[in-house]
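Visitor: I'd like to learn how to read a few features from a model. Could you walk me through some, general idea before the case at hand?

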Amino acid sequence: MTVSGISSNLFTTSSQTIQAKIKQFQQEFQQLGSDLQSGKVSAAQSDFVTLQQLGAQSQSGSASAAQSSNPIAQAFTQLGKDLQSGNV
């Protein structure tokens with residue numbers, strides 16, 4: 001196998017892994033929304049923890065520092081606080 005063949009194979013594998021993680025995150029996020037709409041607070045809390053774990057697996061240290069000014073990250077953090085306090 002050539003170097004370009006190895007590189008291409010690694011890229012394909014990485015791309016598939018990333019796509020699978022994105023799909024898993026999307027499904028869990030949809031489940032969180034469903035559980036919140038249904039009033040299933042404990043299930044929503046569990047969904048949120050899973051989302052945090054999935055997000056932590058895919059982020060680097062520099063990405064987490066940059067999130068402090070990201071409005072989506074701030075909303076996600078607030079959602080976590082609200083879930084912990086039962087304020088949903």
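Guide: Helices are DSSP runs of H or I with at least four residues, strands are runs of E with at least two, and numbering goes from the N terminus. D35, for instance, lies in helix α1. This is a predicted model, where local features need pLDDT of at least 70, side-chain atom pairs count only at pLDDT 80 or more, and totals for chains, interfaces and linings use all residues. Residues are numbered from 1 along each chain as its sequence is written, and side-chain values use heavy atoms, with hydrogens and water left out.

Visitor: How many helices and strands does the protein chain have?

Guide: There are 4 helices and 0 strands, so the order from the N terminus reads α-α-α-α.

Visitor: Back to D35: which side chain of opposite charge is nearest?

Guide: Some ground rules first. Buried means under 20% relative accessible area, exposed over 50%, and partly exposed in between, with a 1.4 Å probe and protein chains only. Lys and Arg count as positive, Asp and Glu as negative, while His and chain ends are not counted. A salt bridge needs a side-chain nitrogen of Lys or Arg within 4 Å of a carboxyl oxygen of Asp or Glu. Now the case: D35 is buried without a salt bridge, and K40, the nearest opposite charge, sits 4.5 Å away. D82, in helix α4 (residues 71-85), is also buried with no salt bridge; its nearest opposite charge is K81, at 8.5 Å.

Visitor: Which residues make up the largest nonpolar core?

Guide: Such a core is a set of buried Ala, Val, Leu, Ile, Met, Phe, Trp, Tyr and Cys residues joined through side-chain atoms within 4.5 Å. Here the largest has 5 residues: L32, A44, F48, L51 and L83. Helix α2 (residues 41-57) gives the most, with 3.

Visitor: And how do I read an aromatic pair?

Guide: You describe two rings by the distance of their centres and the angle of their planes. Phe, Tyr and Trp rings (the six-membered one for Trp) pair with centres within 6.5 Å; planes under 30 degrees apart are stacked, over 60 edge-to-face, the rest tilted. The whole structure holds 2 pairs. One of them, F25 with F29, is stacked, at 6.5 Å between centres and 15° between planes. These two are 4 residues apart in helix α1 (residues 3-37), so about one helical turn separates them. F25 is partly exposed at 29% relative accessible area, and F29 is partly exposed at 44%.
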